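Here is a friendly briefing to read alongside your sequence and model. Take a look at the fold first, and then we can walk through it topic by topic.

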Amino acid sequence: MTVKQALKRPEVLAPAGTLEKLKTAIHYGADAVYIGGNAYGLRSRAGNFTYEQMAEGVAFAKAHDAKVYVAANMVTHEQNQEGAGEFFRELRDVGISAVIVSDPALIEICATEAPGLPIHLSTQASATNYETLEFWKEEGLERVVLAREVSMEEVAEIRKHTDVEIEAFIHGAMCISYSGRCTLSNHMSMRDANRGGCSQSCRWKYDLFDMPFGTERRSLTENGAVAEEFSMSAVDMSMIEHIPDLIQNGVDSFKIEGRMKSIHYVSTVANVYKAAVDSYMADPENYVCKQEWVDELWKVAQRELATGFYYNTPSENEQLFGERRKIPQYKFIGEVLNYDEETNIATIRQRNLFEVGDEIEFYGPGFHHFEQTVEAMLNEEGESIDRAPNPMMIVTMKVAQSVQPGDMMRKKK
C-alpha cells in the first residue's frame, strides 16, 4: 500500500479508568475510550464504572461523536461466568459500542445472551496471524486487538488477508509476559493477574545472591559485583515516530495503554496522537513527525520508551535494568475552570502545590501550549496568596494567553 492510495483514518483509542478520565480523553481528541465495568475486567484497582456512570459516559461520548468500549477480558474459572449474560445486556442497553473479551466462554455468553452488542477480541487472546482473525470473524467478532508480540511486517501480512478491524497498542506500558498472561503475581502476592489483581511483581526491585554454602546468602549488589538492583520489567512503548507505518499497514485503531494513569497522562498522550494522526491524514506525502510531539510524551513518561516488538525482538536494551537515563518529571498542578477574556483572569482548580514565582506551562486540546511565570494569585475570598497548598482549592490568576475550561497546568518537579 502506498500513501497515494486511499487511507483509512485510524481511531485514537484512549484509556479511561474513571468518568473524569473519560471526559478528559475525549475532550483532548480521543475518538473512543475503553473502560472497565464492575466485573470481568483486568484492572480491579482502576476506578471501574457503575451502570449509571457508564450511561453518563456514553451520553458525553455521543455528544462529542466518540465511542465507549468496555474491557471484560478476564480469564474465567468455574462459577466466574455467573451473571455474565445480564452484565452484557446491561452494557448493550446502556449504549456501549463494543465489549473487549478474551475468554471464549464469555464471548459465547455475550453473543447468545446479549445479541446486538459488538465483540472485540482482547490482546490477551494472542491473535498473531490472519487465520486467527478469520476464525474470530466467523464467530461474529468485528475487531481483533493484536497480540503485542506482532511485528510490523506481520501486521502488513495480516491486513493483506483479512478485512477484520485491527486494533493495536501504540503507546504505554508493556507486560513482560506473553500477551499479558502471567502468574508471577499469583505466586508472589496471591493476586490473580488474569482475573484483575495483578500486583506488577515484575516491576519490583530484585537482588542477586550468591549461595555457595547452602543457606548462607551473600548479596552480589552489596559487594559491587552487580551495579544495582534489577527487575524483570519492560520499558514502555511509544510509536509516535512511526505513524505512517501503522496507518499504511491498515491499523484501524491506535490503542493507548493506561486505565490507571492520571488525567495528566491521558490528556497529554491523546492530544499528541490526535495531532499526529490529523497531520498525517491532511498531507501524507509531506508528513513529518514533529519533535514537539516526542518532547510532549516525555513529559508524562515514567520509563524509557521503545517500539516493543514492531521492528525487532526486544533485547536487554528494552528492559528495566542497569543505569537509566534521568527522565524530566512534570507535575500536574491545576485545571482551568473559567477564563475572562476582558481581564485575562483564569479561574483554576488546584491539583498539586504551586506558588508565586513558579515557571508553569498551560496546555489544551489542539496542541495549544504556552509557558509563563506565576506572578500573583488570589484565593476564593479575593485575598492575595503566595502559595496554593490545599487540594482542589480555587484560585484566580492572570494568564499570558487565552485559555479554555479543561485546559491543564503543569510544572517541572
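A residue is called buried when its relative accessible area is under 20%, exposed when over 50%, and partly exposed in between, using a 1.4 Å probe and protein chains only. Please keep in mind that this is a predicted model, in which local features need pLDDT of at least 70 and side-chain atom pairs count only at pLDDT 80 or more, while totals for chains, interfaces and linings use all residues. Residues are numbered from 1 along each chain as its sequence is written, and side-chain values use heavy atoms, with hydrogens and water left out.

**Overall picture**

- The protein has ten helices and 22 strands, where helices (H or I, at least four residues) and strands (E, at least two) are DSSP runs numbered from the N terminus.
- Of its 413 residues, 50% count as buried.
- Taking contact to mean heavy atoms within 4.5 Å, residues 24 or more positions apart account for 69% of the contacts with a separation of 6 or more.

**Helix 3 and its cover**

- Helix 3 (residues 84-94) has these buried residues: Ala84, Gly85, Phe87, Phe88, Leu91 and Val94.
- Gly95 follows helix 3 and has a positive phi, near 105 degrees.

**Helix pairs**

- Two packed helices are described by the angle between their axes and the distance between the axes.
- Axes here are lines fitted to C-alpha atoms, for helices over the stretch in contact, and angles run from 0 to 180 degrees between N-to-C directions.
- Helix 1 (residues 19-27) packs with helix 9 (residues 263-282) at an angle of about 20 degrees, their axes being 8 Å apart.
- That makes helix 1 roughly parallel to helix 9; angles under 35 degrees count as roughly parallel, over 145 as roughly antiparallel, 65 to 115 as roughly perpendicular and the rest as oblique.
- On the helix 1 side, Glu20, Lys21, Thr24 and Ala25 make the contact, and on the helix 9 side, Ile263, Val266, Ser267 and Ala270.
- By class, this contact of helix 1 with helix 9 has four nonpolar, two polar and two charged residues; Ala, Val, Leu, Ile, Met, Phe, Trp, Tyr, Cys and Pro count as nonpolar, Asp, Glu, Lys and Arg as charged, and the others, Gly among them, as polar.
- Helix 5 (residues 130-138) and helix 6 (residues 152-161) have axes that come within 9 Å and cross at roughly 45 degrees.
- Helix 5 is therefore oblique to helix 6.
- Tyr130, Leu133 and Glu134 of helix 5 meet Glu157, Ile158 and His161 of helix 6.
- The contact of helix 5 with helix 6 has three nonpolar, one polar and two charged residues.

- Most residues other than glycine have a negative phi, and most peptide bonds are trans.
- Gln79, in the loop between strand 3 and helix 3, has a positive phi near 80 degrees.
- Gln79 is exposed, because its relative accessible area is 51%.
- Ser126 has a positive phi near 60 degrees and is found in the loop between strand 5 (119-121) and helix 5.
- Ser126 counts as buried, because its relative accessibility is 15%.

**Cysteines**

- A search of the whole structure finds zero disulfides, a disulfide being a pair of cysteine sulfur atoms within 2.5 Å.
- Cys110 counts as buried at 0% relative accessibility, whereas Cys289 counts as partly exposed at 24%.
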